[in-house]
Amino acid sequence: MNIDKEGDRERLLRENGLAFFGAITASVSHELNNIISIIDQTGGLLDDLLAGARHGRPVENERLQRIAESIACQVKRGEGVIGHLNTFAHSVDHQVQEFEINQLVGNITELTRRFASLKRVHLETQPFDTPVTLQNNSFLVQQAVFLCIKQLLASAEREDTITVSVEDDRSGVRLLIKAEPSRLKTDDLDLHYLELLTGYIGGTIELRDGSGAVVFELMVPHWRDPDNP
Amino acid sequence: MHKFRALLVDDEEELVSTLVERLGYRGIKADYALNGADALRKMCDGSFDVVVLDLKMPGMSGFELMEILKAKFPDVPVLLITGHGSPTDELDEIPEKAYDYLAKPINLEDLIIKLREAVKSG
């Protein structure tokens with residue numbers, strides 16, 4: 001893959017960005033579909049119970065209360081998913097914007113959770129103790145985190161844990177995306193695009209394998225225009 | 001048509017438990033399993049005439065589970081549940097071994113029709 005030319009770089013960023021956006025929205029649409037399905041069937045159950053009551057099969061108040069709680073719970077679940085998706089969608093509004101890194105990492109981790117759940121892998125976050133504000137391309141930062149998680153998920157097994165932690169750094173932030181235990185076959189990795197992406201946002205990406213864990217160390221500095229460094 | 005038993009497999013417990021209850025009100029006996037291992041255990045323990053399973057489940061996927069079910073219980077028809085549209089959105093092709101598919105959100109009356117058709121074919 002020749003990524004030296006500026007045109008190639010822009011094309012790769014655009015194509016991979018769209019693929020990332022598509023992967024997230026497809027996953028969220030499945031989640032929302034599940035929520036709608038539950039509300040749909042719960043509403044249908046309420047109809048069934050009321051129809052039964054009209055034919056002399058009484059419905060207990062507690063049962064109705066549980067159904068109301070179930071619907072409220074699913075609505076809350078849906079609100080959470082939509083909130084994360086909305087924040088994600090607005091991350092493409094500006095090439096460079098100010099964001100709080102703990103929130104950004106929390107948001108993309110939530111949106112990636114379904115990918116981990118399907119493999120029964122635990123996905124956790126360790127935010128920094130205090131809020132850390134950064135100026136950079138928030139969409140690309142999320143994409144880098146997502147791609148690191150995706151690479152680790154490819155070799156992860158049931159009950160493994162992937163943790164995304166945030167550390168403050170003088171020049172920006174350090175994100176550690178760690179999989180335990182270490183199962184990653186480094187020969188299978190394709191880091192070309194991750195390196196291009198992190199290079200574009202002025203950062204670096206390193207992979208460490210040892211001590212029972214494999215770790216992507218992603219350095220994200222404050223934004224410097226790659227075309228006018 | 002003779003009475004039949006259906007096994008519904010999906011990791012969304014509120015969804016499958018509600019479907020089982022609603023099928024019960026319509027005279028159809030059903031049970032549910034939340035994952036592939038649970039489904040295989042229930043299939044071995046009890047006699048089911050048809051299985052309905054979600055394609056996207058944690059751990060063993062619906063597709064993997066169907067392969068095992070068809071090897072162990074070749075006469076039991078399998079209906080697939082897809083997240084959106086046809087299974088070709090999620091798989092390269094509609095699995096030959098599946099009797100048919102349903103897209104979420106499931107319409108209960110459509111499910112009952114497909115269950116009856118599947119049992120009749122089995």
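Arg120(A) sits in the loop between helix 3 and strand 2 of chain A; helices here are DSSP runs of H or I with at least four residues, strands are E runs with at least two, and both are numbered from the N terminus. Arg120(A) is not a glycine, yet its phi is positive, at about 55°. It counts as partly exposed because it has 16 C-beta neighbours inside 10 Å. On that scale, a residue is buried if 20 or more other C-beta atoms lie within 10 Å of its own, exposed if 12 or fewer, and partly exposed in between, with C-beta atoms placed from the backbone.

All of this comes from a predicted model, where local features need pLDDT of at least 70, side-chain atom pairs count only at pLDDT 80 or more, and totals for chains, interfaces and linings use all residues. Residues are numbered from 1 along each chain as its sequence is written, while chains are lettered from A and ligands numbered from 1 in the order in which they are written.

Glu159(A) also has a positive phi, near 75°, in a residue other than glycine. Look for Glu159(A) in the loop between helix 4 (138-155) and strand 4 of chain A. With 9 C-beta neighbours inside 10 Å, Glu159(A) counts as exposed.

## The chain A sheet

Chain A has an open sheet of 5 strands in the order 2-4-5-7-6, with mixed pairing; two strands pair if DSSP finds at least two bridges between them. Strand 2 (122-126) and strand 6 (204-210) stand at the edges with a single partner strand each, so one side of each has no neighbour in the sheet. On average, neighbouring strands are turned by 15° against each other, direction ignored. Axes here are lines fitted to C-alpha atoms (for helices over the stretch in contact), and angles run from 0 to 180 degrees between N-to-C directions.

Asp209(A) has Val214(A), in strand 7, as its bridge partner. Helix 3 of chain A lies across strand 2, strand 4 (161-169) and strand 5 (172-180), running at about 175° to strand 2 of chain A.

## How chain A is divided

Chain A splits into domain 1 (6-89) and domain 2 (95-221), with bounds from an automatic or database domain assignment. The two domain centres, taken over C-alpha atoms, are 27 Å apart. Domain 1 of chain A puts 14 residues into the contact and domain 2 of chain A 12; two residues are in contact if their C-beta atoms, placed from the backbone, lie within 7 Å.

Helix 1 of chain A gives the most to the domain 1 side of that contact, with 11 residues. That side divides into 6 nonpolar, 6 polar and 2 charged residues. Here Ala, Val, Leu, Ile, Met, Phe, Trp, Tyr, Cys and Pro count as nonpolar, Asp, Glu, Lys and Arg as charged, and the others, Gly among them, as polar.

## Where chain A meets chain B

Between the chains, 18 residues of chain A are in contact with 17 residues of chain B. Helix 1 (6-54) and helix 3 (101-118) of chain A each supply at least two residues of the chain A side. Helix 1 of chain A has the largest share, 13 residues. The chain A side divides into 4 nonpolar, 10 polar and 4 charged residues.

## The chain B sheet

Chain B has an open sheet of 5 strands too, in the order 2-1-3-4-5, and the pairing is parallel. Its edges are strand 2 (29-33) and strand 5 (100-103), each with a single partner strand, so one side of each is left without a neighbour in the sheet. Neighbouring strands of this sheet are turned by 20° against each other on average, direction ignored.

Strand 1 (residues 5-9) and strand 3 (residues 50-54) of chain B pair in the parallel sense over 4 bridges. Leu7(B) has Val51(B), in strand 3 of chain B, as its bridge partner. Helix 3 (residues 62-72) of chain B packs on the sheet, touching strand 1, strand 3 and strand 4 (78-82), and its direction makes about 160° with that of strand 3 of chain B.

## Cis prolines and confidence

In chain A, the peptide bond from Glu180(A) to Pro181(A) is cis, with omega near -10°. Pro181(A) is in the loop between strand 5 and helix 5 (192-200) of chain A. In chain B, the bond from Lys104(B) to Pro105(B) is cis, with omega near -5°, and Pro105(B) is in the loop between strand 5 and helix 4 (108-121) of chain B.

Chain A averages a pLDDT of 92, and 95% of the residues score at least 70; pLDDT is the predictor's confidence in each residue, from 0 to 100. Among the elements of chain A, strand 2 has the highest mean pLDDT (97) and strand 6 the lowest (90).
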